[in-house]
Amino acid sequence: MHFSMCIFHWTWVNEQQIDVHYFYNTALNTDNWFDVFGIGSKFIAFVIYPLVKIGVSYLGLFVLFSSISMIGYVNLYKLLYQGIEDNLYKLIFSILLLLPSIHFWTSSFGKEALIFP
């Protein structure tokens with residue numbers, strides 16, 4: 001579910017000009033890494049700058065950040081299932097972990113993917 005939402009988000013973003021385009025283009029068009037140092041939107045451009053400069057693609061950044069945010073889901077899964085013996089609760093937690101909106105927002109390269117783990 002998580003990586004399929006990553007690919008869906010990537011295709012959705014390619015049709016629009018939103019934050020991730022700004023992050024990527026800022027890192028791509030900047031010559032000095034510390035020119036993009038800052039908080040907010042500049043922070044992600046700062047984080048991806050070395051990756052962009054060594055040639056990591058736009059899709060590659062999506063997959064990388066999606067993989068990082070997947071750590072959060074694994075930790076949440078372990079936390080929710082710890083000590084639960086009732087199968088109904090396990091089913092409810094499984095359904096909650098499969099909600100697409102959570103995966104959609106954390107599978108892109110952005111602040112959300114780094115905060116979630």
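Thr 26 sits in helix H2, which spans residues 19–29. Keep in mind that this is a predicted model. Is Thr 26 buried or exposed? Its relative accessibility is 17%, so Thr 26 counts as buried, given that the cut-off for buried is under 20%. Skipping neighbours within four places in sequence, Thr 26 touches Val 36 and Ala 45.

Two packed helices are described by the angle between their axes and the distance between the axes. Here are both pairs that involve H4:

| Pair | Angle | Axis distance | Crossing |
|---|---|---|---|
| H2 and H4 | roughly 115° | within 11 Å | right-handed |
| H3 and H4 | about 130° | 11 Å | right-handed |

Take H2 with H4: the axes cross at roughly 115°, and that makes H2 roughly perpendicular to H4. On the H2 side, the contact uses Val 20, His 21 and Tyr 24, and H4 brings Tyr 58, Leu 61 and Phe 62. Sorted by class, that contact has 5 nonpolar residues, 1 polar and no charged ones.

Then there's H3 (residues 41–53) against H4 (residues 58–81), at an angle of about 130°. H3 and H4 are therefore oblique to each other.

Conventions. Residues numbered from 1 in each chain as written. Predicted model: local features only at pLDDT ≥ 70, side-chain atom pairs only at ≥ 80, totals over all residues. Heavy atoms only, no water. Axes fitted to C-alpha atoms, helices over the stretch in contact; angles between N-to-C directions. Helix = DSSP H or I, 4+ residues; strand = E, 2+ residues; numbered from the N terminus. Parallel < 35°, antiparallel > 145°, perpendicular 65-115°, else oblique. Left-handed = near helix turned anticlockwise from the far one by under 90°. Buried < 20%, exposed > 50% of the residue type's maximum accessible area, 1.4 Å probe, protein only. Contact = heavy atoms within 4.5 Å. Nonpolar A, V, L, I, M, F, W, Y, C, P; charged D, E, K, R; others polar.
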